[in-house]
Amino acid sequence: MFKINARTILGSSIAALFAATATTTVATAAEPGAGSPAQGGEARLKEIVVTGQAPKEGGTEAGYRVNTTTTTGPWGRMELQDTPYSISVMPEDFIANVQANTPAEILKYVPYAHVYIQAGRFADNTNLRGFYNNLRTIDGMKIYGVGQTLEDKERVEVMTGLTGFMYGISNPAGVINYVTKRPTAKPLASVTLTTIDGVGYNLHGDFGGQLGGGLGYRLNIVGQDGGTFVEHQKIDKYLLSGALDWRLSDRVLLEFDASTYYQKAMGMQVSFSPSTGKASDLNPKDIDTSKLWGQKWSMQKDEYTQVGSRLTWNFDDTFTLRAAARYSDTSSERLNGNATNITNFQSPYSQTYYHISPSDYTNITTYAYLDSRFSTGPVSHVLTAGFSWDRSNSKASPDRTASGSIPGSFNFSNPIYVDKPNYVVGSKPKVDYVKNRFENFVIGDDIKFSESWSALVGANYTSVNQRVYNLNTGAIASNYDKGKTTPTASLLFKPVPAVTTYVSYLEALEQGGVAPDVYMGQQVVNAGEVLKPMVSKQVEIGAKATVDEVLLTAALFKIDKANQYTDPTSLRYVQDGREVHKGLELTATGRLWDRLNIVGGFTWMDAKIKKNTVNTDLEGKRPSGVPETMGKLYLEYDIAAVPGLTLTGGAFYSGSFYMDSENTDRVSGATTFDLGARYRMRVAGQGLTLRVNVSNLTDKRYWLPYGYLSDPRYVSASAQLDF
């Protein structure tokens, strides 16, 4: 791993790219991603040639409605309306228009996603269907370690529920899939400058085009420096990302991508631990969340290097080979602070620190699938068989963590900053910590009985080999080596072409949870222990309809999984009983009527703990941090009287939830609002887009799960110049 200062990136690399780009004459500005080759070239979709000025898929003029998804693993690229799963896609235009550069900033708009940590903590902890999401992929391949940045991503695709057939071992939350930007058919040169509250700046250059001989390129370069909407926070960030597509023939496509990323944030916002153990005893209105209540020396540092390649080879009209490999090397370090012993927000309190020294992760992921198309009488098939394999190794220092009290007298009338305490952490050489190897062998059949009836059936044999090492002795602390077959089956019925209904059954092998370091401010007895894998089951009934230019979806689901929790009595992380989540998801995406775009949805969920034996008091309780209802609505309206001007606004609601597993600490839900605008114009023959957005317009202050408080009101503004 290595570090390049953001100013170096801004001063040299972008300037060099401008010089290179200037040699190419661009007659008209190309929209980001315009004319991109279909990623992966999967044969399930017929090639469609579009002429004229039809809105591009997922573009602003299409209301951000997309037709296809790539997050379905072995099934390949599929029509979104005809997938028997709940999938939400945030396309490139939407990411740009809401000025999202981090996963948390875009997941805020995903109807299914519940982001439960403030941005001032620099994380993207997310629940889907009430479960913590720990499955992230890039172009359908698993990644580990640290989060991603979005400047080089074409889409963010979120699928809720079990994904065992698609990705093998996983949890019931679903998957968040990042799709990398691909080369453009037309020359592209775009530069965007973004500022948060006028104190921090992000400069992003996006360049693409064709080099001849079937070879296309895409380059994304980012530098960020300065503050945030939290006082005294500072960010230093850079990204170098490139992609090449090489179409060797009409039947063979090779794709490559590589990126290196670095971010260091100073001044971490704290979590809040009341002296009574109940957040409901504290009024969040009494705390100014725009101030840094942690220490200026608290920090988070993330970096990664990633390399990926993919091959799509259509041998003939019958067989298609899809293969890919990805390597990643990541490192992450955390020094967090917490506010403890809080009786109220007017009295003195204490501060503690928790330092996790740099942990290194390496990961290799591969897959290879062979699709074969054939018919048995009037029934057509696309039979897919193949495997995926991923291996991850992590290393950490034997003295990887340090924690303690921060000397000083603290109060909430004004932040008090003190010197960093003296302690030793991460001083010893890194040794093996966790080694995982997952192998999946899949076979699936995409069956079409008629124009109205179809089915997806398949099975995945997952082999799990997991070793956890004692950092001090090097001995194996836990070892799990086992395999299991899990099935999937979906039946789809289309009464009319614009409507698809389905019923799905899925099973998945879920990796055992990792015991957290602390629970409600107290040390967990078996912190870091990895529990054994479990089997989860899901039934889902849904419908999807394309009405004019809007995609409407509805899904009823039931998920039954093993329960994992920290027992508040013994302070031990255990597997005990079952956790059953039942719910309803509704979404709407598209152009509602002329000039009006809509992206939104509503979730209702009944989540309960059942069959507990370790702590029978938890029977019938609602899992902590899971609201019963959640709703999101984002609207855009083009002003006819002022061509190029668009007004934007959003409303985001999350219902009440329990902070604790015993359901004694209930906190209220909250509704926040965003308001913004963008203006598109031509300047000296070039396209210029100005954007501004006010987040949390009313400066609503409310509790998030696990002792976090909401972000304050802040303003994002950007200028994008397309050459």
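**Exercise 1. State which helices and strands each supply at least two residues of the lining of the second largest cavity, and characterise that lining.**

Step 1. Helix H2 (92–97) contributes at least two lining residues, as do strand E11 (188–196), strand E12 (200–212) and strand E38 (714–722). Helices (H or I, at least four residues) and strands (E, at least two) are DSSP runs, numbered from the N terminus.

Step 2. The model is predicted: local features need pLDDT of at least 70 and side-chain atom pairs count only at pLDDT 80 or more, while totals for chains, interfaces and linings use all residues. Residues are numbered from 1 along each chain as its sequence is written, and side-chain values use heavy atoms, with hydrogens and water left out.

Step 3. The second largest cavity is lined by 19 residues, and those nearest its centre are Ala96, Lys181, Thr192, His204 and Gln720. A cavity is a set of points, on a 1 Å grid over the protein atoms alone, where a 1.4 Å probe fits but cannot get out; lining residues have an atom within 4 Å of a point.

Step 4. The space in the second largest cavity is about 270 Å³; a volume is the space filled by probe spheres set on the points, which are joined across faces, edges and corners.

Step 5. Its lining comprises 5 nonpolar, 8 polar and 6 charged residues. Here Ala, Val, Leu, Ile, Met, Phe, Trp, Tyr, Cys and Pro count as nonpolar, Asp, Glu, Lys and Arg as charged, and the others, Gly among them, as polar.

**Exercise 2. Describe the largest cavity and determine which strand gives the most to its lining.**

Step 1. The search of the whole structure returns 7 cavities of 30 Å³ or more. The largest cavity holds about 360 Å³ of space.

Step 2. Its lining has 30 residues, of which Gly73, Asp139, Gly140, Met141 and Tyr367 are the closest to the centre.

Step 3. Elements that each supply at least two residues of this lining include strand E8 (141–143), helix H4 (164–167), strand E10 (174–180) and strand E19 (350–376). E19 gives the most, with 4 residues.

Step 4. By class, this lining consists of 10 nonpolar, 12 polar and 8 charged residues.

**Exercise 3. Give the strand order of the open sheet of 5 strands and identify its edge strands.**

Step 1. The order is E3-E9-E10-E7-E8, and the pairing is mixed. Two strands pair if DSSP finds at least two bridges between them.

Step 2. Strand E3 (86–91) and E8 are the edge strands, each pairing on one side only. From one strand to the next the twist averages 25°; axes are lines fitted to C-alpha atoms, and angles run from 0 to 180 degrees between N-to-C directions.

Step 3. Within this sheet, strand E9 (residues 153–160) runs antiparallel to E10, joined by 7 bridges. Lysine 153 has threonine 180 in E10 as its bridge partner.

**Exercise 4. Trace the pairing of E14 with E13 and with E15.**

Step 1. Strand E13 (residues 215–227) and E14 run antiparallel and are joined by 13 bridges. Glutamine 224 stands opposite lysine 237 in E14.

Step 2. The hairpin of E13 and E14 has 6 residues between the strands, and histidine 232 there takes a positive phi near 75°.

Step 3. E14 and E15 also run antiparallel, with 14 bridges, and a hairpin of 4 residues joins them. The bridge partner of tryptophan 246 is leucine 254 in E15.

Methods
On a 1 Å grid over the protein atoms alone, a cavity is a set of points where a 1.4 Å probe fits but cannot get out, and a pocket is an open set with protein on both sides within 12 Å along at least five of seven lines; lining residues have an atom within 4 Å of a point.
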